[in-house]
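Open the model in your viewer and keep the sequence panel beside it. We will go from stop to stop, selecting a piece each time and looking at what is there.

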Amino acid sequence: MRRRVLHALPAIALALALVGVWEAYVDLGLVNPIVLPAPHEVAAEAWNNAGLLAANLELTAQEVGLGVLLALLCGFVLGVLIHLSPPLRRAVYPLAVGSQAVPVALIGVLLVFWWGFGVLPKLFVIVLICFFPVVVTTVDGLAAVDPDQLKLLRTLGASRWQALRFGELPAAVPAALSGARIALAVGVIGAYIAETSTATSGPYAGLGHQINADINGLQTPRAYAAAVVLFVFAIACFYTLALAERVLAPWANRSSLSSTPYGPTTRGENR
Amino acid sequence: MRIPPAVRRAAVLAPRYGWSVLIACICAVALAACGTKQDTLSSPGAKPFTVMLDWFPNADHAPLYAAISHGYFNQVGLDVRPIVPSETAEPLKLLAAGKVDMAISYEPQLLLARDQGLKLVSIAALVQRPLTSIIALPSAHVQKVADLAGKRVGTAGLAYQAAELHTALQAAGVNPSSVQEADVGFNLVPAMLSGKVAATLGGYWNYEALQLEEMHKHPIVIPIDQAGVPIYNELVLVVRSEEARLHGEDLRAFLQALTRGEQQVRANPAAAAALIVKANPAAELKLQTASVEKTLPATVPTNKSDPYGWQDPSAWAAFGSWMLAHGLIHSNPNTTGLPPFTNEFLPGQGI
């Protein structure tokens, strides 16, 4: 326990230092509080609007959870397909890269036209933003499997499917999980983009929607409070996935387990 | 499938429960998503009728929310559901695409959309005159439009706002080229507060101006129709022309219910503001109450004998000509095709 606290110490110290600089910057009158509110004001606003923030976070969290899961699924499957079929790779890869340049605000209205005012258009936006890192890392992971291991599998009479199942896929999972971690971190801003570029119904429409409304309503402190919630949520997601990885793919971090807390593992360690 | 034991041993052994856990997670989340349904307050048999707002629910929409919560729409057989857009051009697009039954938009925006060939028509004015204003803070030493000479003015970046600024400057005898226009997007008020612009054009006198007032900033507010821009209906209710032709009964019923909603707002502005906050919990009650009260005089026609929602034909003609003269639209709305508005569905109007 004590070791964990020690591990977290640098993060806490850095965060406190940054908040301190921010507080001083505002308190010294270097910026108008409507442009940048002080941390204590943001904290008070978060406290006073806890119910509103919680209701909106619940929606945003659902979108991020579902959206990232779909993105992982689509990204991983697409990555494997691309790996297995060079023609597919040539056909799909450029489009996948290009998809990252699509301005979501432009297609938001089309997505709403197709799928209405519910969660579907938002999920699509999150998947669009998040699937790419998963595809790239999966494809690279599949290609980076130890050639000797594949040779061995072939010598032992493994079929193509078996080579994939027992050779390439397990080797690719750590890389794919790195992609997943990127996807999850990006997924939160993806949800913000999704909420602010598609129409919605109902009183609560997520933190992103609330931030936009607050920017327009001059409620800058509350917009910052919502942003802080998103910030913390993204960090929480990232580390939750790190924990989940140990359950889903314990072989991915065997060598780096001792060197937690979590940082992106280097692929080489696993061999 | 039979797997040679040697393959099993040689392979990096993937615990199979890993995959089942993943699949179970996906199923669980998918199920959870299916479970979150939206609750609707509708009476059985009422016809679903979606209205896309122009913006987040606010004081301008008070009559709509009053009519919903008092059940006036249900009484005429309509189950009205408001939808919040992501940006101001979205409502007319989704209306034209048939995704919503009615859109709240702005007269200039409607004329632009019609100029693009969208077959839409305004059936009522929610707000009679422009809310858009030139707003300045005392520190910028702008008391009247003429004071803007040589200064920088922020707008939300819409072409017709630039034209409005142009007209206002010319009316005040200022050479428009001496004024620098800056597109500050959403951030009209922060741009002023941080001193980046001397004034803004695009904020509303019943909203941004009130916010600044609440912050004790004592803004100078000049509604643009008092600065030389022809009067127009800031907010209008728009439907597809075909819908107006085929389902006039629904529209007539809608406007009847809306008129009763407006009477409720007039009778009890504070209660109406509370309904706005209920629909948009992020809205602030004090500001919404002030805004509802401030807006009331602008929701009724100048001529008392005209019904609520009335659109003044001569004002529409003058504003259409103004847009044409400034090159904002390419065909004359007064002479091309059907008129952009109709009063025939208002209570007591039509055949």
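Begin by colouring chain B by domain: domain 1 covers 47–129 + 233–325, and domain 2 covers 132–226 (the bounds come from an automatic or database domain assignment). Between the C-alpha centres of domain 1 and domain 2 of chain B the distance is 26 Å. Where the two touch, domain 1 of chain B supplies eleven residues and domain 2 of chain B supplies eight; two residues are in contact if their C-beta atoms, placed from the backbone, lie within 7 Å. On the domain 1 side of this contact in chain B, α13(B) gives the most, with five residues. That side has five nonpolar, three polar and three charged residues. Here Ala, Val, Leu, Ile, Met, Phe, Trp, Tyr, Cys and Pro count as nonpolar, Asp, Glu, Lys and Arg as charged, and the others, Gly among them, as polar.

A word on what you are looking at: this is a predicted model, in which local features need pLDDT of at least 70 and side-chain atom pairs count only at pLDDT 80 or more, while totals for chains, interfaces and linings use all residues. Residues are numbered from 1 along each chain as its sequence is written, with chains lettered from A and ligands numbered from 1 in the order in which they are written.

**Next stop: a covered helix in chain B**

Select residues 62–69 of chain B, which form helix α3. Helices (H or I, at least four residues) and strands (E, at least two) are DSSP runs, numbered from the N terminus. How many of the eight residues of this helix are buried? Seven are, and the helix is mostly covered. A residue is buried if 20 or more other C-beta atoms lie within 10 Å of its own, exposed if 12 or fewer, and partly exposed in between, with C-beta atoms placed from the backbone. Show the side chains of B:A62, B:P63, B:L64, B:Y65, B:A66, B:A67 and B:I68 to see the buried residues of α3(B). Their packing partners in chain B are β1 (47–52), α4 (72–75), β2 (78–83), α11 (248–267), α12 (269–279) and α13 (285–299). After α3(B) comes B:G71, with a positive phi near 75°.

**Two histidines in loops**

Most residues other than glycine have a negative phi. Now go to B:H141, in the loop between β5 (132–136) and β6 (152–155) of chain B. The phi of B:H141 is positive, near 55°. Is B:H141 buried or exposed? It counts as exposed, because it has 11 C-beta neighbours inside 10 Å.

Then select B:H216, in the loop between α9 (208–214) and β9 (220–223) of chain B. B:H216 is not a glycine, yet its phi is positive, about 60°. With 6 other C-beta atoms within 10 Å, B:H216 is exposed.

**A buried alanine**

Stay in chain B and pick B:A244, in helix α10 (residues 241–246). B:A244 is buried because 21 other C-beta atoms lie within 10 Å. Leaving out residues up to four places away in sequence, B:A244 touches B:V121, B:I123, B:V239, B:L251 and B:T342. Draw a C-alpha to C-alpha distance from B:A244 to B:L328: they are 26 Å apart in space and 84 residues apart in sequence.

**Over to chain A**

The C-alpha atoms of chain A fill a box of roughly 70 × 55 × 30 Å along the principal axes. Of its 271 residues, 44% count as buried. Among contacts in chain A between residues at least 6 apart in sequence, 74% join residues at least 24 apart.

**Two helix pairs to finish**

Two packed helices are described by the angle between their axes and the distance between the axes. Axes here are lines fitted to C-alpha atoms, for helices over the stretch in contact, and angles run from 0 to 180 degrees between N-to-C directions.

Select α3 (residues 50–84) and α4 (residues 86–99) of chain A, whose axes come within 6 Å and cross at roughly 135°. α3(A) and α4(A) are therefore oblique to each other. Angles under 35 degrees count as roughly parallel, over 145 as roughly antiparallel, 65 to 115 as roughly perpendicular and the rest as oblique. A:L78, A:L81 and A:I82 of α3(A) meet A:L88, A:R89, A:V92 and A:Y93 of α4(A). The residues of this contact are six nonpolar, no polar and one charged.

Finally, select α6 (residues 120–143) and α8 (residues 160–197) of chain A, with axes that come within 7 Å and cross at roughly 160°. α6(A) and α8(A) are therefore roughly antiparallel to each other. The contact of α6(A) with α8(A) holds 20 nonpolar, eight polar and four charged residues.
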